[in-house]
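Visitor: Please show me the model, and then take my questions one at a time.

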Amino acid sequence: MAKTGTKPTPDGIFRMKILGRTIEHLGTQMYKHRAPSIAELIANCWDAGAKNVRVTIPSESDYSQLDSIIEVLDDGEGMNAATIEDSYLVVGRNRRAEGGDISHGRKVMGRKGIGKLAGFGLASRVIITTWTSNMANAIRFEMPLESLRTVDGEAEDIEFRWSEAPRREGWPESGTCIELSGLRHTTPIDIESLRVTLARRFSRTTRGEMQVQINAEPLSDPEIPTMHEFPDDGEFQEEELPGGEIVRYRYAFAERAIRSAESQGFAIYAHGRTAQAPPFFFRVESTASSQHSTRYLHGEIIADYLDDLETDLISTDRQELDWEKEELRPLRVWGEALTRRLLVECGEMMGGKLQQWILNDSEFAPRLAMLDPSNKRQISSFLKVLGQKSDRDDNRTRELASSLIRAYEFRTFHDVIEDIQDASDDPDRLEETLARLHDWKVLESRAILEIVKGRLGIIDKLHRMIIGNAPETASKLSYDNLHDLLAQYPWLFDPDWQVFTEEKHVGAQLREWGRRDCPEEMKLKRVDFLAFEKDTTNLIIIEMKRPGVAVSFPELRRLEDYQIELMRAHENCQRVLVYGGKIDVPKVKWDEYLKQETFKVLTWTELFRRAKMFYEHYRAVLEGDFENSYFLAKQKEVARTRHILETDSSHRSAEDRAGGVGESDP
């Protein structure tokens with residue numbers, strides 16, 4: 001890169017000599033992301049002595065790739081024509097080598113002399129308007145990317161025509177305004193995310209000396225409630241590395257998981273600007289214990305010496321350091337040890353916080369008080385582990401903690417039987433043990449309440465399947481089906497029915513009842529379900545029709561045939577049709593069937609509403625004090641229900657099918 005002169009040309013043209021596709025490679029390839037590009041332009045404002053930088057970003061609703069403009073305005077020293085041609089348009093100029101590393105009383109951020117090209121990472125047109133305090137008007141010129149795409153391998157002079165332009169109202173006494181148009185990205189900028197990113201790209205010291213505003217709102221540190229900070233005075237801890245290098249650092253553990261990745265981990269700064277962008281954990285996050293703590297650790301490391309090394313180890317876009325270089329080994333080793341230690345400390349602190357929260361919570365404390373000290377200690381230790389990856393006072397965490405305590409409650413309920421047996425020869429011990437039974441009744445009631453909650457969940461699942469027109473039986477397209485759900489939970493039909501078999505051949509069932517005089521054409525016919533009405537000998541034949549599928553007349557006749565044959569063994573027999581679609585039967589015939597006392601119809605909607613109404617009432621009954629002789633059976637149901645609800649599938653394995661239908665409600 002060469003400059004063409006030391007004074008501006010009289011013809012209103014700036015010239016810059018470039019070789020081949022240099023600008024395209026440096027601008028568009030090295031600054032591929034929007035945040036680093038904008039950060040680079042802001043860094044140029046710092047080197048110009050700016051105290052204020054205003055960045056204007058189009059809103060999401062107004063964003064247009066063709067028409068929108070991104071603007072960066074600063075109140076730095078500005079440039080005259082000579083400065084533009086002799087300095088600004090010299091790509092690769094090392095400002096520190098020419099004028100030292102201090103300018104305007106600040107450490108210069110620029111080093112490579114190509115930051116001015118960062119705008120091409122965002123746009124195809126860059127318009128610069130700049131003025132000094134002693135200029136009446138500003139100088140304005142445009143650098144379109146298209147004009148910079150020269151023939152590869154050849155050096156050419158590129159001309160930029162400039163003109164004088166009046167300053168806009170509200171512009172500072174001196175400064176520079178850069179307008180970016182012809183935007184390269186089709187999607188709008190997430191402005192809130194950009195604020196967080198830019199706040200982490202510049203140290204608090206830098207932002208203290210130069211205020212940066214995005215759409216008139218100053219950048220500020222993210223508000224992260226913390227449970228621990230080091231140092232606790234908000235300053236930095238200084239440490240000397242083995243090679244004599246000085247680093248300063250601070251860190252904090254957040255109360256809750258930090259949502260923004262940019263706010264997680266460390267940011268490493270050199271002279272007020274990132275040398276390693278966050279989130280950074282010195283590459284130990286995949287192997288360190290307490291890996292989940294990475295979402296809670298937030299820190300800053302100041303390593304100014306990185307910018308003073310003879311070898312430039314910071315990437316052009318200031319995203320990362322070249323960690324393979326030997327010069328960075330002391331920092332890498334120190335950072336790895338620090339990060340591993342902090343992740344462990346953070347995990348332990350999170351676990352302790354959750355542990356104390358659960359132990360003192362008004363919902364959990366009474367339940368824990370009923371358990372013996374050994375069980376409470378075990379629960380306490382598990383809570384500490386759980387807390388290493390769970391936010392406190394979070395619904396999911398509460399559910400997990402409740403499940404943990406429930407496991408010990410069930411376990412303790414069984415253990416009390418052994419306690420009674422052990423105390424049977426000692427009156428005092430037996431009296432003490434029996435005195436605890438009141439507490440067990442409370443636990444028993446809670447266990448049954450869990451069953452009812454589970455049954456309500458199954459009822460809701462039935463509702464979703466009805467609305468979704470779920471298939472009647474399992475198929476290759478869908479394992480989830482109504483038949484399997486009702487086979488496992490036959491109380492859904494009617495709590496007063498005792499369902500005892502499913503998909504049984506008529507002939508086989510009659511043989512079991514001692515009757516063999518079944519017509520050949522009926523022997524292999526199968527009924528969906530057979531049930532008895534509780535406390536009676538009334539047989540109920542249940543046939544299901546998938547929601548949304550019409551009932552045909554032949555199906556009604558077939559159900560009637562089932563009834564006629566099965567009445568050979570049980571005279572008191574009725575047939576029930578569960579359906580949810582249309583009735584594709586002549587109205588006269590349908591009305592005739594409805595008048596029959598032994599024929600009942602039940603819509604899927606009615607089935608759902610009746611089951612829900614019954615168990616809503618049953619749950620209310622549980623608020624009283626009562627005993628349940630079926631507790632062991634219901635405990636098995638809780639486990640099966642939880643599996644169904646967690647997997648959201650009612651499909652049964654071959655082993656489950658061999659076990660027969662589930663238990664009806666007692």
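Visitor: How many of the eight residues of helix 3 are buried?
Guide: Helices here are DSSP runs of H or I with at least four residues, strands are E runs of at least two, and both are numbered from the N terminus. Buried means under 20% relative accessible area, exposed over 50%, and partly exposed in between, with a 1.4 Å probe and protein chains only. Helix 3 (residues 81-88) is largely enclosed by the rest of the structure, because the number of its residues that are buried is six.

Visitor: What do the numbering and the confidence values rest on?
Guide: This is a predicted model, in which local features need pLDDT of at least 70 and side-chain atom pairs count only at pLDDT 80 or more, while totals for chains, interfaces and linings use all residues. Residues are numbered from 1 along each chain as its sequence is written, and side-chain values use heavy atoms, with hydrogens and water left out.

Visitor: Which residue has a side-chain oxygen that reaches the backbone nitrogen of Ala 82?
Guide: Ala 81, Ile 84, Glu 85, Asp 86, Ser 87 and Tyr 88 are the buried residues of helix 3. The approach to Ala 82 is at the start of this helix, within 3.2 Å, and the oxygen belongs to Asn 80.

Visitor: Which side chain makes a polar contact with the side chain of Glu 300?
Guide: Glu 300 lies in strand 18 (residues 297-302) and counts as buried at 5% relative accessibility. Contact means heavy atoms within 4.5 Å; leaving aside neighbours within four places in sequence, Glu 300 has contacts that include Arg 200, Arg 204, Arg 248 and Arg 250. A polar contact is a pair of N or O atoms within 3.5 Å; within protein, one must be able to donate a hydrogen and the other to accept it, and residues adjacent in sequence count only if both atoms are side-chain atoms. For the side chain of Glu 300, at 3.0 Å, the partner is Arg 250.

Visitor: What separates the C-alpha atoms of Pro 36 and Gln 319?
Guide: Pro 36 is in helix 2 (residues 34-47), and at 3% relative accessibility Pro 36 counts as buried. Along the chain, Pro 36 and Gln 319 are 283 residues apart, yet their C-alpha atoms are separated by 7.6 Å.

Visitor: Which residues are in contact with Gly 49, leaving aside its neighbours within four places in sequence?
Guide: Gly 49 is in the loop between helix 2 and strand 3 (52-56), and is buried with a relative accessible area of 18%. The contacts of Gly 49 are Gly 76, His 104 and Arg 106.

Visitor: What is the bridge partner of Gln 498 in strand 20?
Guide: Strand 19 and strand 20 (residues 526-533) run antiparallel, joined by seven bridges. The partner of Gln 498 is Phe 532.

Visitor: What percentage of the residues of the protein count as buried?
Guide: The protein has 21 helices and 25 strands. Of its 666 residues, the buried share is 48%.

Key
Two strands pair if DSSP finds at least two bridges between them.
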